[in-house]
Amino acid sequence: MKNIGIWMDKEKAHIIRVNNDVENITTVLSKIENFNAKGGSGTRFKGGPQDVVQDSKYLEREKHQFKAYFAQIIPFIKDANEIAIFGPAQAAEKFNIELKEHYKDISKKVKEVLKADSMSDNQRKALVRDYFQK
């Protein structure tokens, strides 16, 4: 039985494959940029010229980068029997939504999406092992 736990955040995904009590970790790095929108007042005088910040442009680019990141993960998990997704931020939730919308066959294998803080590799292995043993 191939159980897979994915601990992911915006920067990387650790795919922990548990097969016959042996854990293997594969790391997939994202290419999502950290966006720091610059703009605001262009002068120190009240009523002076101001730069317009185009947040929608940054958000749209980030959305496409998330899609590419999630597409990198799919080949590693498509042969799983059960999948659990863990993570400290919203990346795990976004990944689950992406699976439901575009990868319905894989989405059916997702058992749970849980919040989990940053951890070492051994802690991640233990988390996934303990999750599938219960």
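This is a predicted model: local features need pLDDT of at least 70, side-chain atom pairs count only at pLDDT 80 or more; totals for chains, interfaces and linings use all residues.
Q: How many bridges join strand 1 to strand 2, and in which sense do the two run?
A: Helices (H or I, at least four residues) and strands (E, at least two) are DSSP runs, numbered from the N terminus, and two strands pair if DSSP finds at least two bridges between them. Here seven bridges join strand 1 to strand 2 in the antiparallel sense, and the two strands form a hairpin with three residues between them. Within this pairing, Ile6 stands opposite Ile15 of strand 2.

Q: In which sense does strand 1 pair with strand 6?
A: That pairing is parallel and extends over five bridges, with Ile4 placed opposite Ile83 of strand 6.

Q: How many residues of strand 1 are buried?
A: A residue is called buried under 20% relative accessible area, exposed over 50%, and partly exposed in between (1.4 Å probe, protein chains only). Six of the seven residues of strand 1 are buried, so this strand is largely enclosed by the rest of the structure.

Q: What span should helix 2 have, and how far apart are its end C-alpha atoms?
A: The expected span of a helix is 1.5 Å times one less than its number of residues. For the 12 residues of helix 2 (residues 91-102) this gives 16 Å, and the end C-alpha atoms are 16 Å apart, which agrees.

Q: Which residues of helix 2 are buried, and what covers them?
A: The buried residues are Ala91, Ala92, Phe95, Asn96, Glu98 and Leu99.

Q: Why does Glu98 count as buried, and what does Glu98 touch?
A: Glu98 counts as buried because its relative accessibility is 10%. Not counting residues up to four places away in sequence, Glu98 touches Lys67, Phe70 and Tyr103.

Q: Which residues have the most contacts inside the largest nonpolar core?
A: In soluble globular proteins, nonpolar side chains tend to be buried together. A nonpolar core is a set of buried Ala, Val, Leu, Ile, Met, Phe, Trp, Tyr and Cys residues joined through side-chain atoms within 4.5 Å. The largest such core has 22 residues, and those with the most contacts inside it are Ile6, Met8, Tyr69, Ile73, Ile77 and Phe95. Helix 1 gives the most to this core, with six residues.

Q: Which residues of helix 4 are buried, and which are exposed?
A: Arg124, Val128, Tyr131 and Phe132 are the buried residues of helix 4. They cover an arc of only 90° around the axis, which puts them on the same side of helix 4, while Asn122 and Gln133 are exposed on the other side. The buried residues of helix 4 pack against strand 1, strand 2, strand 6 and strand 7.

Note on methods. Residues are numbered from 1 along each chain as its sequence is written. Side-chain values use heavy atoms; hydrogens and water are left out. Contact means heavy atoms within 4.5 Å. The arc is that of the directions from the helix axis to the C-beta atoms.
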